[in-house]
There are 2 protein chains.
Amino acid sequence: MARKTRSVEDSKSARTRERILDSAAYVLSRKGFAGTRLTDVAEHAQLQAPAIYYYFKSREELIEEVMVVGAQRICAHVVEALDALPSDIRPIDRILTAVEAHLRFVLVTSEYTTAATRNGGQLPDHLRDRHEAERTAYGDVWRELFTDAAAAGELKPDLDAGATRMLVIGALNWTVEWWDSTRGSIDALVRTAQSIVMGGISAPETTSGIIDTSPAKPARTRSPRRKKTVTA
Amino acid sequence: MARKTRSVEDSKSARTRERILDSAAYVLSRKGFAGTRLTDVAEHAQLQAPAIYYYFKSREELIEEVMVVGAQRICAHVVEALDALPSDIRPIDRILTAVEAHLRFVLVTSEYTTAATRNGGQLPDHLRDRHEAERTAYGDVWRELFTDAAAAGELKPDLDAGATRMLVIGALNWTVEWWDSTRGSIDALVRTAQSIVMGGISAPETTSGIIDTSPAKPARTRSPRRKKTVTA
């Protein structure tokens, strides 16, 4: 019985910690590093401000955690989508899968993304290190995707690989600044982004197994192949 | 003589105002809306803080002006590049020219861009209106470019036009967060961005008159045609 009670409390505690992080991401994305006050975070989380100190030592520790958690989670989400792919899928399709996973993640957890996007350059140095380390780890995932595609001859040879990778990630990250559901469905945005990336980076003869890139039939909303990525 | 003196003073005053704006953009991009203090702006501009009030009524007016000026200038710069093109240039090449002009502008005036990027979502409502109006005017320039290219049948028909435009602009804007001269030349970045955009958005049979998109000869750094865009 005692064990059960503790586990219920642990889970309640984990949920409260999560609510504080979510609220901090919300406030940080709107007020910025200097303008984020614990009283606003507490109000948004429907808690008393001192309760936050049970979970985080300081305002700075909470902000650091928002940045780190945002970077960790998107990395885990994209890696999971890649790991779910069949092993014989071609490298270009791994990139298109990462495009979809990244895009869906930033749009549904947009508070963390906008918090990181808008404040990454505003953090004091001592709060940057952990966030930078997570970003680097995530960057390595993308670097490997591009290296593999280049090795398979699937990338246009005239592109600078590093710049290409960052331009693609930039296009995806920026969506949190303009996309909302009045613009259409996330599915439609994913298809447009995948089509641009496919056409933009792949060598002429490359084809995709997960999106239909044949010029003859541009409409591909009902392609049964799509399902693979959606569930990935 | 009096006129000459006044004109010299006017020009000195204009330079000082400009230096304050530049410094405010610098501080705003690093400290955020809530963290930007006039004393820091003054220190960066090598002025006494009260001198700022000769040019701007308040901290908020100065910040608003940084956001507005940044949006106005990039719009003017891109429009100028487009106006310099020959009248018979095809719509897709007008888009590629805008890609280059936007990219070069954000990278050389990156303080204004990062200030706007990071703080656009953090401004209080009463400071947003003028910035939003300028952004909309600039958005209209891009909208027209895409409408013309679509009308000419030069865009892939499966793309969502609005999403495509914003994904392209996002990729370009995001460069201020990662690009620096250790990554290579701006020229190389411009070529990579143009190549991705061209392949990503154009209909299969579309060719460009300003970049070489023939699959047979991917390396195009020395193409004499390039000069047209560089000087545009």
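The crossing of α4(A) and α5(A) is right-handed, a crossing being right-handed if the near helix is turned clockwise from the far one by less than a right angle, and left-handed if anticlockwise. The model is predicted: local features need pLDDT of at least 70, side-chain atom pairs count only at pLDDT 80 or more, and totals for chains, interfaces and linings use all residues. Residues are numbered from 1 along each chain as its sequence is written, with chains lettered from A and ligands numbered from 1 in the order in which they are written.

Helices α4 (residues 59-83) and α5 (residues 91-108) of chain A pack at about 140°, their axes lying 9 Å apart (axes are lines fitted to C-alpha atoms, for helices over the stretch in contact, and angles run from 0 to 180 degrees between N-to-C directions). The pair is therefore oblique (angles under 35 degrees count as roughly parallel, over 145 as roughly antiparallel, 65 to 115 as roughly perpendicular and the rest as oblique). Contacts (C-beta atoms, placed from the backbone, within 7 Å) involve residues including A:Ile74 and A:His77 of α4(A), and A:Arg94 and A:Phe105 of α5(A).

Between the chains, helix α8 (residues 161-178) of chain A packs against helix α8 (residues 161-178) of chain B at about 110°, with the axes 7 Å apart. The angle makes α8(A) roughly perpendicular to α8(B). Among the residues in contact are A:Met166, A:Gly170 and A:Trp174 of α8(A), together with B:Met166, B:Gly170 and B:Trp174 of α8(B).

Just after α2(A), A:Gln46 adopts a positive phi of about 55°.

Conventions: Helix = DSSP H or I, 4+ residues; strand = E, 2+ residues; numbered from the N terminus. Contact = placed C-beta atoms within 7 Å.
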